[in-house]
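Dear colleague,

Please find below the structure that I am handing over to you. My notes on what was found in it follow directly after.

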Amino acid sequence: MARNYTMNYARCKCFLESNVYLKSYGLHVSFKSEKQFEDCYGKRLSEMGCTDFRPVVHEIKEELERRRRIPYESMERANYIKANYKPLHPDIFELQDAFLHRDVVKLLCCIKEGSIDKAALGLRYRTHGVDVFSFPIFTLEFCNKLISEVDHFNETSMPKGRPNSMNNYGVLLDELGLNEGLLTPLRKQYLEPISQFLFPEKKVTEFDSHKVFTVNYEENKDTELAFHFDNSEVTINVCLLANCEGGELFFGTPGSDNGFGYTHEAGNAVIHRGSAFHCVLPLLSGRRVNLVMWMRSSPVRNLTCPMCRRTPDLEPMENGWGDGFLVANEHSANKGT
Ligand SMILES: [Fe+2]
Ligand SMILES: [Zn+2]
């Protein structure tokens with residue numbers, strides 16, 4: 001019997017038992033069993049006013065079941081959308097230089113020529129050892145087209161997944177079909193060289209996959225986001241619309257007032273390591289829409305999973321990029337059977 005190996009993208013099994021966000025308590029929890037859960041969080045939840053754990057346990061179990069189904073359901077939705085969705089702006093599905101702000105084109109040229117100094121360009125924000133940079137990336141015309149495409153999609157009866165348990169109104173742009181012609185070329189041609197320049201650590205910026213979605217902050221919808229870090233090596237967060245008061249991004253440490261705020265401006269990107277703690281301050285009025293891309297490097301995350309901080313326990317995916325890990329998958333090939 002011959003043995004064949006293929007390299008498959010994978011996810012770490014910690015995704016199926018940890019980092020579950022309990023919105024009503026603003027708490028991230030792990031869940032291995034009901035006993036472990038009560039032992040770990042019982043006292044804290046009681047102090048926060050929880051008198052009955054059953055609805056909490058039910059909520060967690062539903063979330064973990066949703067996570068188990070993600071790869072299969074996502075593929076089904078993407079296939080359905082590809083066959084049935086009529087885009088409002090078909091032209092934005094292929095990357096064009098005209099979508100990009102002239103400053104980012106200039107920035108890339110300078111980086112390639114080696115003629116740029118980060119500090120001199122005024123690109124650098126540095127606080128508490130966290131590197132956060134910002135630069136203009138898209139024209140406003142492109143931002144408006146992308147928002148109207150996403151709004152149009154949301155108004156149709158197409159099947160919709162949601163970016164994660166913390167953002168309930170965003171759209172998964174891979175399912176919408178924007179990766180192949182627009183977002184993967186954008187990552188390879190622009191975001192990777194810029195990331196290599198801004199975050200020069202070896203391998204962190206050799207990306208081989210990403211997850212990309214929009215987030216939508218609006219009154220009576222999502223209005224803020226608790227402190228967290230991202231499941232990425234580097235995150236780029238591009239503002240498409242910021243007709244709002246409040247809703248700034250805040251980089252700092254949970255439980256401390258130290259840190260700094262970043263006010264979004266349409267067309268501008270903010271870029272940071274996924275490991276940088278951040279939150280979204282309460283939106284007071286209006287609407288803000290951003291495109292978020294979690295860029296991933298399998299040589300980095302294969303050593304340590306950014307979510308559980310351990311050697312990842314990998315589950316290969318049959319399709320797609322999983323959570324950006326790579327694993328050798330062994331097949332037994334029995335000839336003639
Ligand atoms: Fe984030
Ligand atoms: Zn993990």
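In this predicted model, helix H2 (residues 54–84) carries a kink of about 55 degrees at Ile70, shortly before the proline Pro71; the bend at a residue is the angle between axes fitted to the seven residues ending there and the seven starting there. Helices (H or I, at least four residues) and strands (E, at least two) are DSSP runs, numbered from the N terminus. The buried residues of H2 are Val56, Ile60 and Ala78, where buried means that 20 or more other C-beta atoms lie within 10 Å of the residue's own, exposed that 12 or fewer do, and partly exposed that the count falls in between, with C-beta atoms placed from the backbone. These buried residues pack against E2, strand E3 (27–29) and helix H1 (34–47), two residues being in contact if their C-beta atoms, placed from the backbone, lie within 7 Å.

As to conventions, residues are numbered from 1 along each chain as its sequence is written, while chains are lettered from A and ligands numbered from 1 in the order in which they are written. Because the model is predicted, local features need pLDDT of at least 70 and side-chain atom pairs count only at pLDDT 80 or more, whereas totals for chains, interfaces and linings use all residues.

The protein is divided into domain 1 (19–84) and domain 2 (89–306), with bounds that come from an automatic or database domain assignment. Taken over C-alpha atoms, the centres of domain 1 and domain 2 are separated by 26 Å. Their contact takes 11 residues from domain 1 and 10 residues from domain 2, and on the side of domain 1 that touches domain 2, H2 gives the most, with nine residues.

Turning to the sheet, four strands form an open arrangement in the order E7-E12-E9-E10, with antiparallel pairing; two strands pair if DSSP finds at least two bridges between them. Strand E7 (225–228) and strand E10 (259–262) stand at the edges, each with a single partner strand, so one side of each is left without a neighbour in the sheet.

Within this sheet, strand E9 (residues 249–252) is joined to E10 by four bridges, the two running antiparallel, and Gly252 has Gly259 as its bridge partner in E10. The hairpin of E9 and E10 has six residues between the strands, and in it Gly255 takes a positive phi near 85 degrees. E9 also pairs with strand E12 (residues 278–280), in the antiparallel sense and over three bridges, with Phe250 standing opposite Cys279 in E12. Of the two faces of E9, the covered one holds Leu249 and Phe251, and the uncovered one Phe250 and Gly252.

Finally, two backbone angles deserve a note, given that most residues other than glycine have a negative phi. Asn19, in the loop between strand E1 (2–12) and strand E2 (20–22), has a positive phi near 60 degrees, and Asn19 counts as partly exposed because 18 C-beta neighbours lie inside 10 Å. Arg309, in the loop between helix H6 (298–301) and strand E14 (314–316), has a positive phi of about 60 degrees although it is not a glycine; with 10 other C-beta atoms within 10 Å, Arg309 is exposed.

With best wishes
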